[in-house]
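Thanks for coming, everyone. Let me put the structure up, and then we will go through helix packing, pockets and cavities.

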Amino acid sequence: MGIRVAGVSKQFGSFKAVDDVSLDVDSGSLVALLGPSGSGKSTLLRLIAGLEESDTGRIWITGEEATSRSVQDRQVGFVFQHFALFKHRTVRQNVGFGLELRGWKHDAIRRRVDELLDLVQLQGFGNRYPSQLSGGQRQRVALARALAVQPRVLLLDEPFSALDAKVRKELRAWLRNLHDEMHVTTVIVTHDQEEAMEVADRIVVMNDGRIEQIGTPAEIYDHPATPFVMGFVGAVNVLPGDGPLAAATFQDNNQGTSPSPGQLFIRPHDLDLHLTPQQGSVPAVLRRITHMGREIQAELTLENGEQVVAQLPRERIDYRNLKAGDALYLTSRETRTFVPDYVI
């Protein structure tokens with residue numbers, strides 16, 4: 001086992017940041033802690049690293065209990081959101097800093113730094129200073145520095161959130177490829193659902209200091225365990241369980257009317273638009289249509305005032321003559337309901 005967390009809690013004053021969390025991270029895997037701000041994901045990461053001390057519970061790293069160990073003794077590599085590089089040290093000096101502290105000889109440090117600069121694709125940048133690098137390059141230097149000391153586990157706290165969208169996407173692919181080469185047990189904290197889906201073997205969805213669900217990206221998206229997970233991971237329409245679209249869905253499935261006043265969840269890509277009435281369809285008025293490359297996004301209002309968003313490939317409907325105010329018809333291909341007393 002790479003990391004084991006058992007019954008860990010952490011409270012700051014009256015605020016419970018992490019509430020009785022238990023989690024196993026398989027050796028060599030890449031796991032994402034995903035959740036909104038204040039969900040406890042960064043605090044959990046810092047508890048694993050030893051940067052915070054837990055109030056209750058125990059932590060193991062590579063089979064050895066680390067609950068009472070110092071940060072140094074846990075042998076973890078930690079990458080922060082804002083790089084945390086030494087401004088007046090070169091790239092080479094930044095990467096080799098931890099090795100200097102451990103008393104490595106100069107030649108050994110040079111060889112190790114050369115290996116790492118090659119690994120993070122920064123050959124030839126060793127004599128530059130952080131101010132001479134792009135944001136993506138600085139983050140790769142930070143990652144090389146974390147890897148220099150050959151950590152037992154690698155912990156990354158929102159490492160790409162300070163970068164622009166294009167660079168984030170490039171670095172996500174780069175990080176996944178790097179992990180597949182090195183197989184270091186890695187935990188990454190993110191609030192970006194797309195990032196978690198793209199890089200992680202498993203996702204841990206957190207909310208209010210607790211774990212809502214653990215699963216593969218496909219399991220989290222296709223089989224959400226709670227309304228929170230369905231509402232947080234991916235776009236979704238949330239409608240009353242007794243509204244017109246819910247009623248049409250149940251009738252179309254020969255179930256009569258909706259059996260509860262709970263909430264109905266429908267992904268935008270599970271809605272279809274039609275120019276004429278269809279079996280199980282409900283009337284809607286087009287408010288706005290947005291062209292998104294290969295897809296179109298339609299914002300619609302149902303007859304009772306409910307508003308929904310549909311996304312579909314351009315070839316699924318003749319969208320060219322559609323305009324705000326047009327009458328359309330909606331059908332749903334897949335919906336999900338949850339028990340009435342469980343709300344987002």
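Which hand does the crossing have where α4 passes α5? The crossing of α4 past α5 is right-handed.

Some ground rules. This is a predicted model, where local features need pLDDT of at least 70, side-chain atom pairs count only at pLDDT 80 or more, and totals for chains, interfaces and linings use all residues. Residues are numbered from 1 along each chain as its sequence is written, and side-chain values use heavy atoms, with hydrogens and water left out.

Elements are DSSP runs numbered from the N terminus: helices are H or I with at least four residues, strands are E with at least two.

Back to the helices. Helix α4 covers residues 106-119, and packs on α5 at an angle of about 135°, with the axes 10 Å apart. Axes are lines fitted to C-alpha atoms, for helices over the stretch in contact, and angles run from 0 to 180 degrees between N-to-C directions. That angle makes α4 oblique to α5. The scale: under 35 degrees is roughly parallel, over 145 roughly antiparallel, 65 to 115 roughly perpendicular, and the rest oblique. In contact, meaning heavy atoms within 4.5 Å, are Arg112, Leu116 and Leu119 of α4 with Ala144, Leu147 and Ala148 of α5. That contact has 5 nonpolar residues, no polar and 1 charged. For these classes, Ala, Val, Leu, Ile, Met, Phe, Trp, Tyr, Cys and Pro are nonpolar, Asp, Glu, Lys and Arg are charged, and the others, Gly among them, are polar.

Next, α5 with α6. Helix α6 is residues 165-182; its axis and that of α5 come within 11 Å and cross at roughly 25°. The two are therefore roughly parallel. This crossing is right-handed. On the α5 side, the contact includes Gln139, Leu143 and Leu147; on the α6 side, Leu171, Trp174 and Leu178 are among the residues. The contact of α5 with α6 splits into 8 nonpolar, 2 polar and 1 charged.

We use a 1 Å grid over the protein atoms alone: a cavity is a set of points where a 1.4 Å probe fits but cannot get out, a pocket is an open set with protein on both sides within 12 Å along at least five of seven lines, and lining residues have an atom within 4 Å of a point. Points join across faces, edges and corners, and a volume is the space filled by probe spheres set on them.

How many cavities of 30 Å³ or more are there? The count is 3. The largest cavity holds about 70 Å³. Leu147 lines it, along with residues including Leu175, Leu178 and Met182. Helix α6 gives the most to that lining, with 4 residues. The second largest cavity is about 40 Å³. Its lining includes Gln139, Leu143, Leu171 and Trp174. Both α5 and α6 give two or more residues there.

Helix α5 returns here: α2, β6, α3 and α5 each supply at least two lining residues. The lining has 11 nonpolar, 4 polar and 2 charged residues.

Methods. A crossing is left-handed if the near helix is turned anticlockwise from the far one by less than a right angle, and right-handed if clockwise.
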